[in-house]
Amino acid sequence: MAAQSGAKRHTFWEILQRIDRRWIYLVVWLVVMVPLIKPFPVKPVASPPVQQMFNYIDTMPEDKALLISVDYSPDTQAELHPMTIALLRHAFATRRRVGLVATYVYGLGLAEDALREVKREFDSVATSHEDSIISGEDFVFWGWTTPLLTMMLGMGEKITNVFPVDYYGARTESLPMTRHVKNYNDVGILVSIAGSSMPISWVAYAQTQFGLRIGCGTTAVSAADFYTYLNSGQFTGMLAGMRGAAEYEELVREKMAQMDMNWHVRNRGTEAMSSQTAAHIAIILFIIVGNIGYFATRRRKS
Amino acid sequence: MKRKLPLLIVLVTGIFGVLTYIIPHPVVQTTDSVIRNDILRIIGAFSLVLGIGSILRHHFIKIKRKSENWGYSWITVVALFVSAVIGLFGGIDPTRPGILPTHIGGFSFHIQSLFTGLIVPLGSTMFALLAFFMASASYRAFRARNFEATLLLISAFILMLGAMPLTRLLVKELPSFAEWILAVPNTAAKRGIGFGISLGILATSLKIILGIERGWLGGGE
Amino acid sequence: MSLSPDPWVWIAAILTLAVFSFLYRENPFYRAAEHLFVGVSNGYFITFTWHRILVPSLIDPVGHGQKLWLIAVAFVGALYFTRFIPKISWLVRIPIAIFLGYGSGMSLLRSIEAGIIEQVKATVVTRAMFANWQTGLWAIIILIGVICTVTYFFFSAERKGVLKPVSYAGIVFVMVGFGASFGYTVMARISLFIGRLQFLLGDWLGLIR
């Protein structure tokens with residue numbers, strides 16, 4: 001597959017330049033898979049934007065709710081889903097009220113999946129009804145509506161106008177949590193977890209008009225672009241990619257350990273860090289080897 | 001009529017949209033609320049027709065003409081109808097089932113099962129392929145041909161290494177340096193670019209409202 | 001190793017492998033998976049548009065004799081169907097115009113405030129930024145960087161005199177910024193693959209707990 005035999009003899013670097021792409025794919029596959037099965041011990045350390053969001057949610061007034069906007073679809077769920085799960089764990093462990101919405105229809109299924117997972121974790125150790133996580137009381141999954149304007153501006157006026165029924169079909173007016181969370185005035189922070197520029201839309205509509213505090217969980221692709229909003233204070237903290245998720249998971253794990261909530265859970269962000277490290281080193285080596293080969297063959301040709 | 005009426009609607013609704021932000025009068029705000037909560041939402045829901053209609057038309061034409069790989073079009077059409085029937089008649093919340101049963105024995109084929117069992121693996125794996133293409137492109141195309149490209153590469157390397165918890169053990173300052181690159185020079189560059197983008201959005205919005213930008217009308221009269 | 005007993009996990013694993021087979025070469029398994037994805041995701045979209053938008057916002061109120069004027073709104077929405085009727089296809093422009101006009105108008109001032117005014121405010125160096133010397137210095141670098149970057153993208157004047165070094169400094173900032181984006185893009189793409197392997201090795205094969 002790799003070597004091209006012919007009249008002209010190729011150097012090592014030339015052969016390397018012409019290597020079949022599938023060998024590169026195989027290396028990527030192995031470099032990611034092996035550390036997942038045999039991880040090396042890594043402990044994520046929270047970067048300042050992650051710590052900022054954690055601190056705010058951890059210390060915000062108890063009567064204020066955490067609003068999570070699941071603004072991603074399955075394509076970016078590997079990076080973003082662990083963030084939603086970690087945020088839900090943090091909120092339920094500290095007994096915050098949680099509201100969930102989705103700006104894309106496919107965010108609905110992912111939000112439901114995250115809720116089921118975290119609810120199961122807490123319910124499995126609950127000893128009484130009060131310890132359990134109950135829809136309508138501890139959280140409301142308002143669901144999805146279109147267009148964005150309807151959701152982002154309407155929720156600042158009256159949430160039940162925007163969502164007459166929740167995801168499960170219950171009338172939102174009749175839910176116990178509706179007494180406490182009527183509009184953005186009752187929300188401490190909205191965290192938009194997005195694979196697009198949706199957090200900026202939340203800033204443009206909900207923050208500009210209603211002064212809502214916005215946190216951001218984003219794919220690593222968008223993270224570098226969003227630092228301008230972090231710097232301007234329009235975002236209160238940011239989780240960037242799987243690394244951001246891992247750092248938040250670690251903060252939540254420490255918090256829950258302090259509260260004697262030491263049950264075993266899968267922290268998918270943290271779990272991925274060994275593979276991520278190995279893959280980054282592999283990509284750097286790919287670039288270096290590719291460049292050496294390029295310059296070596298160019299010099300030979302010239 | 002065919003072009004002037006839509007352009008007039010854009011002008012009127014556009015100006016009203018602007019006014020809602022600067023006039024706090026209850027009449028304006030109530031009207032705005034009705035437009036958003038009732039009118040836009042219902043019209044927006046109907047826009048689904050455009051997407052689904054186009055997909056179905058495309059695949060039915062392929063099937064009718066027996067174009068290349070037409071057999072696969074049946075998969076799309078059947079999957080669309082079956083999943084829509086399950087969702088529409090089987091309900092959303094498994095505890096409040098619809099008129100269609102969504103399980104056979106212990107096997108559930110509820111809409112959330114279809115989502116986690118079909119949509120999630122297919123959607124996320126298609127995007128996971130990008131990891132391989134990116135690795136291949138890094139090896140073949142990423143060349144430090146000049147000073148600017150070298151600068152880009154060095155910045156990328158620092159970010160890639162600084163982002164990983166393990167590198168903290170090797171070079172203690174690397175993560176903070178990576179964070180500094182993001183928070184200072186990167187922020188400056190992205191903010192400069194961001195100004196251009198925001199001004200572009202502003203200009204496009206104005207051109208649409210004033211009827212200068214008419215691409216959305218499509219072809220024809 | 002403990003294999004999952006859940007049939008949906010097996011279905012998801014087979015579909016994951018079908019899509020990954022594309023890495024070797026284009027093949028019927030990949031193509032079938034691709035078409036299945038388009039079909040099911042649109043079925044899902046129809047489900048929620050009906051149950052969570054049309055039923056509570058249109059069918060229920062009109063069915064209970066309230067807000068009967070919504071029937072007229074539904075009629076305007078139904079004009080989307082005219083897209084497929086050549087003789088009256090121009091009518092599809094009406095619902096699009098309502099959406100486009102209102103959306104553009106609503107976003108106009110809000111985008112200026114969020115994307116320009118607040119960003120300019122954050123760029124201006126103030127006395128408060130010198131609470132410690134580092135934040136003050138970084139604020140000055142950001143201000144210089146923004147000016148240089150904007151100058152680099154300012155094409156209305158020839159780059160000579162003072163504009164030349166300033167716009168070159170702009171390139172340096174832009175390249176560092178793009179490098180940061182590239183580094184993070186690598187992280188993002190690898191994460192997507194890790195996510196699928198976590199599913200295959202963890203949820204399906206039970207090798208990760």
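This is a predicted model: local features need pLDDT of at least 70, side-chain atom pairs count only at pLDDT 80 or more; totals for chains, interfaces and linings use all residues.
Apart from neighbours within four places in sequence, A:Tyr248 is in contact with A:Val50, A:Met53, A:Phe54, A:Ile57, A:Ala86, A:Leu87, A:His90 and A:Leu239. A:Tyr248 also belongs to the largest nonpolar core, which has 204 residues; together with A:Trp142, A:Met155, A:Trp202 and C:Tyr184, it touches the most other members. To see where the largest share of this core comes from, colour helix α6 (residues 163-204) of chain C, which supplies 18 residues.

With neighbours within four places in sequence set aside, the contacts of A:Arg243 include A:Ser47 and A:Met273 in chain A, B:Gly162, B:Ala163 and B:Glu179 in chain B, and C:Tyr184 and C:Met187 in chain C.

Continue to A:Phe295, in helix α11 (residues 268-301) of chain A. This residue is partly exposed, with a relative accessible area of 29%. Beyond its neighbours within four places in sequence, A:Phe295 is in contact with B:Ala144 and B:Arg145. Select A:Ala282 as well: 13 residues separate it from A:Phe295 in sequence, and the two C-alpha atoms are 20 Å apart.

Now turn to the aromatic rings. Over all chains, the structure holds 34 aromatic pairs. One of them joins B:Phe132 and C:Phe20 edge-to-face, with 6.2 Å between centres and 80° between the planes. This pair crosses between chains, from helix α5 (residues 111-141) of chain B to helix α1 (residues 7-20) of chain C. B:Phe132 is buried at 0% relative accessibility, and C:Phe20 is buried with a relative accessible area of 6%. For a cluster linked by ring pairs, select A:Tyr106, A:Phe141, A:Tyr167, A:Tyr168, B:Phe115, C:Tyr44 and C:Phe48.

Two charged residues over rings follow. A:Arg22 lies over the face of C:Tyr24, 4.9 Å from the ring centre. In chain B, B:Lys66 lies over the face of B:Trp70, at 4.7 Å from the ring centre.

Note on methods:
Residues are numbered from 1 along each chain as its sequence is written. Chains are lettered from A and ligands numbered from 1 in the order in which they are written. Side-chain values use heavy atoms; hydrogens and water are left out. A nonpolar core is a set of buried Ala, Val, Leu, Ile, Met, Phe, Trp, Tyr and Cys residues joined through side-chain atoms within 4.5 Å. Buried means under 20% relative accessible area, exposed over 50%, partly exposed in between (1.4 Å probe, protein chains only). Helices (H or I, at least four residues) and strands (E, at least two) are DSSP runs, numbered from the N terminus. Contact means heavy atoms within 4.5 Å. Rings of Phe, Tyr and Trp (its six-membered ring) pair if their centres lie within 6.5 Å; planes under 30 degrees apart count as stacked, over 60 as edge-to-face and the rest as tilted. A charge sits over a ring if NZ of Lys or CZ of Arg is within 6 Å of the ring centre and within 35 degrees of the ring normal.
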